[in-house]
Amino acid sequence: MITGKYPSLRLRRNRKYSWTRRLVRENELSSSDLILPIFLEEGKNKKIEISTMPGVFRYSVDMITKVIDKALKNKIPMIAFFPNIHLSKKNKFGTEALNENNLVCKALRIAKKKYKNEIGLMTDVALDPYTSHGHDGIIKKNYVLNDETIKILVDQSILQAQMGSDIIAPSDMMDGRIGLIRKALDKNNFKNVQLLSYAVKYASNFYGPFRDAVGSKTRLKGDKKNYQMDFSNSDEALREVALDIKEGADIVMVKPGMPYLDIISNIKNKFKIPIFAYQVSGEYSLIKSGIQKKIINDDAIIESLISFKRAGANAIITYFANEIAKKLD
Ligand code: PBG
């Protein structure tokens, strides 16, 4: 591949000025690559900053159109809702997940009515914001029951589709849920609702601030290692993706992001399916605090996001979405 050598060959020639760097650039980041997560809060007229995620807020549903307007203006193609429900509504079975007046359902109705199909609406399928123990499913002796949990997730998916969700995103890591959710969606006439599988989700230490944001952190009993993946594994990620493709996933997600670029790249090389990456809350907070303390420059945000594109991701869920999209424009 390399023809010629130094001194006749000098790779720095292509980097000489901005115009030539732009011409030979291999990857670009645009606002079309970004997905904005929005945290929901009970009540009215609320905008509450999350203490572990400076610059990120939880909004009551009457306030979300302001945020979505901004996302639209920034040409962000999709938003994702995550709820922080009242403690009094949490229980062992996460039943609030199936309440058609829960925070996510209300937000979906408001957003779908106002924006129609101008912007994509994505919703998480999992029970952790709704359970008193903070796990993604129902538990028996600290073990999350697979098949019993899927039954609820199927109902949660149908409900979200009825309320206007465009992309159903199961983030629970139960085995077999993609196939069963697809089947149920089709049976209920939601053939065009997309399924974004969190196919590869690691039992990560980088989710801390998110769990704060949805109020599950202090409540979480034990850890999620009996369902989320062991971060020492990579072949297993390919098996997860292969299965979810077979079961009908339209897009697969890798989560967290930056510590797992190798996984994105492996999937990209092996499968021809769109890949989304999730730059999770812990990654956000680390970068943000580095910038606030002036330890790193804020171009670190773009650098981190381009790394996902280089690895092969099509889009990135990031709490920086609005802030960065503005700059990219
Ligand atoms: C759980 C869920 C989690 C995140 C999104 N969905 C956390 C977890 O598995 O405990 C984390 C996102 C983030 O950290 O930004 N269904």
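Before I show anything, one definition: a residue is called buried when its relative accessible area is under 20%, exposed when that area is over 50%, and partly exposed in between, using a 1.4 Å probe and counting protein chains only. Please also keep in mind that this is a predicted model, in which local features need pLDDT of at least 70 and side-chain atom pairs count only at pLDDT 80 or more, while totals for chains, interfaces and linings use all residues. Residues are numbered from 1 along each chain as its sequence is written, and side-chain values use heavy atoms, with hydrogens and water left out.

When I name helices and strands, I mean DSSP runs numbered from the N terminus, with helices (H or I) of at least four residues and strands (E) of at least two.

Let me begin with strand E11, residues 275–279, where 5 of the 5 residues are buried, so the strand is largely enclosed by the rest of the structure. In a regular strand the side chains alternate between the two faces of the sheet. Both faces of E11 are covered, with Ile-275, Ala-277 and Gln-279 buried on one side and Phe-276 and Tyr-278 buried on the other. Strand E10, residues 251–255, runs parallel to E11 and is joined to it by 3 bridges, where pairing of two strands requires that DSSP finds at least two bridges between them. Within this pair, Val-254 stands opposite Ala-277 of E11.

Another cis peptide bond joins Tyr-6 and Pro-7, with omega about 15°, and Pro-7 has its place in the segment before H1.

Now to the interior. By a nonpolar core I mean a set of buried Ala, Val, Leu, Ile, Met, Phe, Trp, Tyr and Cys residues joined through side-chain atoms within 4.5 Å. The largest such core has 106 residues, and those with the most contacts inside it are Ile-38, Phe-39, Phe-81, Met-122, Val-200 and Ile-267. Helix H4, residues 146–163, supplies the largest share of this core, namely 8 residues.

What does Ile-38 touch, once its neighbours within four places in sequence are left aside? Taking contact to mean heavy atoms within 4.5 Å, its partners are Tyr-59, Ile-64, Val-67, Ile-68, Ile-79, Ala-80, Phe-81 and Phe-82.

A further buried position is Ile-85, which has 4% relative accessibility and lies in the loop between strand E4 (78–84) and helix H3 (103–115). Setting aside neighbours within four places in sequence, Ile-85 is in contact with Glu-42, Lys-90, Glu-96, Leu-103, Pro-129 and Tyr-130.

Next come the charged pairs. Side chains of opposite charge can pair when their charged atoms come close. Here, a salt bridge is a side-chain nitrogen of Lys or Arg within 4 Å of a carboxyl oxygen of Asp or Glu, and the structure holds 13 of them. In one, the side chains of Glu-41 and Arg-58 meet at 2.7 Å, N to O, and this pair links distant parts of the chain, with Glu-41 in strand E1 and Arg-58 in strand E3 (residues 57–60), 17 residues apart. Glu-41 is buried at a relative accessible area of 12%, and Arg-58 counts as buried at 14%.

Another salt bridge brings together Asp-166 and Lys-112, at 3.0 Å, N to O. Asp-166 lies in the loop between H4 and strand E8 (167–170) and Lys-112 in helix H3, so this pair ties together parts that are 54 residues apart in sequence. Arg-182 also forms a salt bridge, with Asp-186, the closest N and O atoms being 3.0 Å apart; both lie in helix H5 (residues 177–187), 4 residues apart, about one turn of the helix. Of this pair, Arg-182 is buried, with a relative accessible area of 11%, whereas Asp-186 is partly exposed, at 29%.

Asn-45, in the loop between strand E1 (34–41) and strand E2 (47–49), has a positive phi of about 55° although it is not a glycine. Is Asn-45 buried or exposed? With a relative accessible area of 61%, Asn-45 is exposed. Lys-75, found in the loop between helix H2 (64–73) and E4, is likewise a residue other than glycine with a positive phi, near 60°.
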